[in-house]
Amino acid sequence: QPAQFAYVGGEVDIRGTLDPANMQFFQLSYGQGPNPSEWFQIGERQTEFRPGSTLGSWNTEGLDGLYNILFTVQRNDNTAESKTVQVTVDNTPPTVTLNAGEAGKVYRLPGDSVISLSADVQDTYSIERVEFYQNGQFLGSDTQWPYGFDWDITQTGTEVFSAVAFDAVGNQASAETIVEITRGG
């Protein structure tokens, strides 16, 4: 792990299996693009392997885009075996704006019965979900564009709605809007 074509970010735990018999060492490296011309080591060469343990940890801070992770095992007879996994590094959070109808609109009971929240979300790669909240209380989430939630109006007052957008890696961003609800008309 990570799996081929996975989205990753932050500190990435790299795991795998190998047969340590006749192993001199193993090394992890990474390179940018589909066919890297330059490789950078991830940690030091390792001469021991314990099944179930991590192979290494890759700090992707400051990186974004397509990368290859290269796992190389050097045997005692100086032959080597390598495996690469392509991943998309995403350390950039999405952007989100939240709307509750027309800007400045005052909702009036009983004529208005629903506030339709809509979140405009942008991300470089992939959005996983958008969560909606009313006064800090979780209302629900939406996993498909267009991202929205309909809130039934049951009371008057000032309501603070927020939306939190999560991308495929877990980067997040939030936005809020305030809505006034009164009686009449």
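This is a predicted model: local features need pLDDT of at least 70, side-chain atom pairs count only at pLDDT 80 or more; totals for chains, interfaces and linings use all residues.
Residues are numbered from 1 along each chain as its sequence is written, and side-chain values use heavy atoms, with hydrogens and water left out.

**Entry 1: the largest pocket**

I noted the terms before going on. A pocket is an open set of points on a 1 Å grid over the protein atoms alone, where a 1.4 Å probe fits, with protein on both sides within 12 Å along at least five of seven lines. Lining residues have an atom within 4 Å of a point. A volume is the space filled by probe spheres set on the points, which are joined across faces, edges and corners.

I count 13 residues in the lining of the largest pocket; the closest to its centre are Gln1, Arg15, Phe71, Lys83 and Val85. Strands β6 (65–75) and β7 (80–89) each supply at least two lining residues. The largest share, three residues, comes from β7. Strands here are DSSP runs (E, at least two residues), numbered from the N terminus. By type, I get seven nonpolar, four polar and two charged residues. Ala, Val, Leu, Ile, Met, Phe, Trp, Tyr, Cys and Pro count as nonpolar, Asp, Glu, Lys and Arg as charged, and the others, Gly among them, as polar.

**Entry 2: the second largest pocket**

This pocket holds about 150 Å³ of space. Its lining includes Phe71, Arg75, Glu81 and Lys83. β6 and β7 are the elements that give two or more residues to this lining. I sorted the lining into four nonpolar, two polar and four charged residues.

**Entry 3: salt bridges**

How many salt bridges does a search of the whole structure find? It finds four. A salt bridge is a side-chain nitrogen of Lys or Arg within 4 Å of a carboxyl oxygen of Asp or Glu.

I checked Glu81 and Arg75, and their side chains meet in a salt bridge at 2.5 Å, N to O. Glu81 is partly exposed because its relative accessibility is 49%. Arg75 is partly exposed too, at 28%. The classes are buried under 20% relative accessible area, exposed over 50%, and partly exposed in between (1.4 Å probe, protein chains only).

Asp13 pairs with Arg15 at 2.6 Å, N to O. Asp13 has a relative accessible area of 31%, so I list Asp13 as partly exposed. Arg15 comes out partly exposed at 34%.

Arg129 bridges to Glu128, with the closest N and O atoms 2.6 Å apart. Shared partners join Glu128, Arg129 and Glu131 into one network of salt bridges.

Is Asp142 buried or exposed? Asp142 is buried, yet has no salt bridge. The nearest side chain of opposite charge, Arg129, is 11 Å away; Lys and Arg count as positive and Asp and Glu as negative, with His and the chain ends not counted. I placed Asp142 in strand β12 (residues 137–142). A polar atom of the Asp142 side chain lies 3.0 Å from the backbone nitrogen of Gly148.

Ser53 sits in the loop between β4 (40–46) and β5 (56–59). Ser53 counts as buried because its relative accessibility is 18%. A polar atom of its side chain lies 2.5 Å from the backbone oxygen of Arg50.

Key. Helices (H or I, at least four residues) and strands (E, at least two) are DSSP runs, numbered from the N terminus. A polar contact is a pair of N or O atoms within 3.5 Å; within protein, one must be able to donate a hydrogen and the other to accept it, and residues adjacent in sequence count only if both atoms are side-chain atoms.
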